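Here are some notes to read alongside the structure if you are meeting it for the first time. Have the view open and click through the residues as you go.

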Amino acid sequence: MMLKSLTISLMLVGVAMAYNSYRSLIPNGGSVPNPCGGASWRGVGHLAEGGTGPLNRFGADFAANNHVWDRTLCLLDSDGDGRSNGEELGDSHCHWSVISGGHLSSATGHPGICEPVGSGACASSGFTC
């Protein structure tokens, strides 16, 4: 019983650590606005704010790009709201990198959730707060 509890605890720590490391691989990953209001969205690549469960379209694109922020991912509009991932994450010129950083503006949107949530333009996304 104790071994089972320890195994589950270690698995949860591993998930939490992986999640934190992914945030550091995208510009402003720790300060992406919550499209439902309130604090920042911690699980940027997921439909759930906490970073668990199914991936959103940005999360799927990020995974398909080998978890690398580059010009290709930056220029995509993963959520289909008319703004590139780079624009939403404050890297509109696609210059940011994990190694060199770069000049960033504040993140102004969520790259994986069409905004404004509930608008006519975003109705087809099916996401609700």
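1. Start in the middle. The largest nonpolar core is made of eleven residues: I26, V32, V44, F58, F62, W69, L73, C74, L89, C94 and W96. Helices α2 and α3 each bring at least two residues to this core. As background, nonpolar side chains in soluble globular proteins tend to be buried together. Keep in mind throughout that this is a predicted model.

2. Now pick out one core member, C74. Which residues does C74 touch once its neighbours within four places in sequence are set aside? The list is W69, S84, N85, G86, D91 and C94. Of these, W69 and C94 are also named in the core.

3. Next, have a look at S78, which sits in the loop between α3 (71–75) and α4 (85–88). Is S78 buried or exposed? With a relative accessible area of 3%, S78 is buried, because anything under 20% gets that label. Its side chain makes a polar contact with the side chain of D61, at 2.5 Å. Not counting residues up to four places away in sequence, S78 touches R57, F58, D61, N85 and P111. One of these, F58, belongs to the core from point 1.

4. Over to the loop between α1 (2–23) and α2 (57–64), where you'll find L55. L55 comes out as partly exposed, at 43% relative accessible area. Leaving out neighbours within four places in sequence, its contacts are G45, H46, L47 and A60. V44 is eleven residues away from L55 in sequence, and their C-alpha atoms are 8.9 Å apart. V44 is another residue you met in the core.

5. Last stop: G102, in the segment after α4. G102 is partly exposed, with a relative accessible area of 46%.

Note on methods: Residues numbered from 1 in each chain as written. Predicted model: local features only at pLDDT ≥ 70, side-chain atom pairs only at ≥ 80, totals over all residues. Heavy atoms only, no water. Helix = DSSP H or I, 4+ residues; strand = E, 2+ residues; numbered from the N terminus. Buried < 20%, exposed > 50% of the residue type's maximum accessible area, 1.4 Å probe, protein only. Polar contact = N/O pair within 3.5 Å; in protein donor to acceptor, adjacent residues only side chain to side chain. Contact = heavy atoms within 4.5 Å. Core = buried A, V, L, I, M, F, W, Y, C linked by side-chain atoms within 4.5 Å.
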